[in-house]
Amino acid sequence: MSIQIGDKVRFLNSVGGGIVRGFQGKDQVLVEDEDGFEIPALIRECVVVGNGDMQVHSSNRPKIPAPEVNPAPKATEPEPEQVEETAEGERLNVYLAYLPVDPKTFQQCGYEAYFVNDSNYYLFFNYMNRVNNSWISRYNGLVEPNTKIFMEEFSKQDLNELERVCVQFIAFKKDKPYALKNAISVELRLDTVKFYKLHCFMENDFFEEDALVYPIVRGDVPERELLVSATELQESIMRQKIREERRATQPIVKKKATNSAILEVDLHINELLDNTNGLSNSDMLRYQLDKFHEVMEQYAAKKGQKIVFIHGKGNGVLRKAIEKELKTRYKQHEFQDASFREYGFGATMVTIR
């Protein structure tokens with residue numbers, strides 16, 4: 001990422017930003033904030049959002065540089081850092097993320113949009129929204145491996161434009177061999193109602209703040225392209241109503257006959273729903289996790305309570321999702337594999353603390 005003196009930058013992992021006034025060593029810049037103070041910051045923690053005479057809001061309109069008057073000598077750009085690769089990063093994991101600008105004034109503030117590249121690949125990408133039968137590009141550019149990049153800030157009035165969004169990108173590596181990845185194009189329908197509910201912004205792996213995170217590609221597999229006919233849309237609305245009615249009921253909890261202190265919760269989808277026609281794998285996983293959260297919240301105050309979540313062995317997707325939640329959102333509680341003799345490898349026991 002090339003940063004020059006005079007660029008306007010934002011800080012990725014903290015609030016603020018300003019104008020770059022100089023370099024400090026190979027990996028730091030001095031950023032002058034709105035109060036005139038120069039703040040040292042790591043280059044990798046900064047994202048360029050414009051030159052010194054531009055607003056912070058991102059735009060894809062052509063940028064015409066202003067003529068320089070008595071330009072200061074440019075500092076030598078730091079050498080690019082060696083990209084650290086991970087074994088998991090050889091598979092593409094790409095997300096869109098949305099954060100409130102100021103959660104303390106949530107009802108009045110706007111939002112920030114980020115593109116998250118959790119892989120070892122560089123990505124040329126285009127982020128766009130649909131207007132009638134056409135698409136409008138909102139941001140396009142290059143994002144480095146294992147990096148999140150700020151795209152734009154928008155208001156609540158702009159949410160109607162974001163009901164249908166699309167991301168297209170190609171993946172590659174620089175100066176080294178790599179596995180060929182297919183070009184990706186994924187359309188999503190964003191649930192804009194969630195943007196008005198603070199509790200819908202969740203803890204995540206990419207930001208210190210809570211965020212709405214939408215997967216584009218997970219494990220090299222693109223999210224299912226959303227092409228909805230009028231009939232399918234009506235059926236989807238009916239399925240949503242059915243899910244809401246079922247979620248209002250108590251979760252399926254079975255008491256063990258041999259030990260009344262242990263509760264069993266069967267998360268197999270056929271135990272939770274009578275009919276799964278029309279539901280994608282991601283829809284079913286989301287429903288199962290909702291049941292998991294419902295039980296955890298119901299027994300959060302009952303210290304010492306043991307709960308066995310039966311998720312089955314399968315391909316391990318539900319198990320991994322539950323373990324991730326237990327390691328982050330519910331890390332105060334203890335968990336372990338449930339009895340192999342009774343459940344095989346298909347259950348996890350949680351002890352409320």
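I count a patch as residues with over 30% relative accessible area and no salt bridge, like charges joined within 9 Å. Areas come from the Shrake-Rupley method with a 1.4 Å probe. I place a charge at CG of Asp or CD of Glu, and both residues count as negative.

I am working on a predicted model: local features need pLDDT of at least 70, side-chain atom pairs need pLDDT 80 or more, and totals for chains, interfaces and linings use all residues. Numbering starts from 1 along each chain, and side-chain values use heavy atoms, without hydrogens and water.

**Surface charge.** I found Glu203, Glu208, Glu209 and Asp210 gathered in a negative patch on the surface. I placed Glu203 in the loop between strand 12 (184-189) and strand 13 (212-218). Strands here are DSSP runs of E, at least two residues, numbered from the N terminus.

I traced an open sheet of 5 strands, order 10-7-6-13-14, with antiparallel pairing. Strands pair if DSSP finds at least two bridges between them. Strand 10 (147-154) and strand 14 (221-222) are the edges. Strand 7 (residues 111-117) joins strand 10 over 7 bridges. Asn117 has Thr147 as its bridge partner.

**Aromatic pairs.** I took ring centres within 6.5 Å as a pair; planes under 30 degrees apart are stacked, over 60 edge-to-face, the rest tilted. The count is 19. Phe106 and Phe201 sit edge-to-face, 5.7 Å between centres and 80 degrees between planes. These two are 95 residues apart.

**Salt bridges.** My cut-off was a Lys or Arg side-chain nitrogen within 4 Å of an Asp or Glu carboxyl oxygen. The search gave 18. Arg21 and Glu32 form one at 2.7 Å, N to O. Arg21 is in strand 2 and Glu32 in strand 3, so the pair ties together parts 11 residues apart in sequence.

Technical notes
Patches are made of residues with over 30% relative accessible area and no salt bridge: like charges are joined within 9 Å, nonpolar side chains (Val, Leu, Ile, Met, Phe, Trp, Tyr) within 5 Å. Helices (H or I, at least four residues) and strands (E, at least two) are DSSP runs, numbered from the N terminus. Rings of Phe, Tyr and Trp (its six-membered ring) pair if their centres lie within 6.5 Å; planes under 30 degrees apart count as stacked, over 60 as edge-to-face and the rest as tilted.
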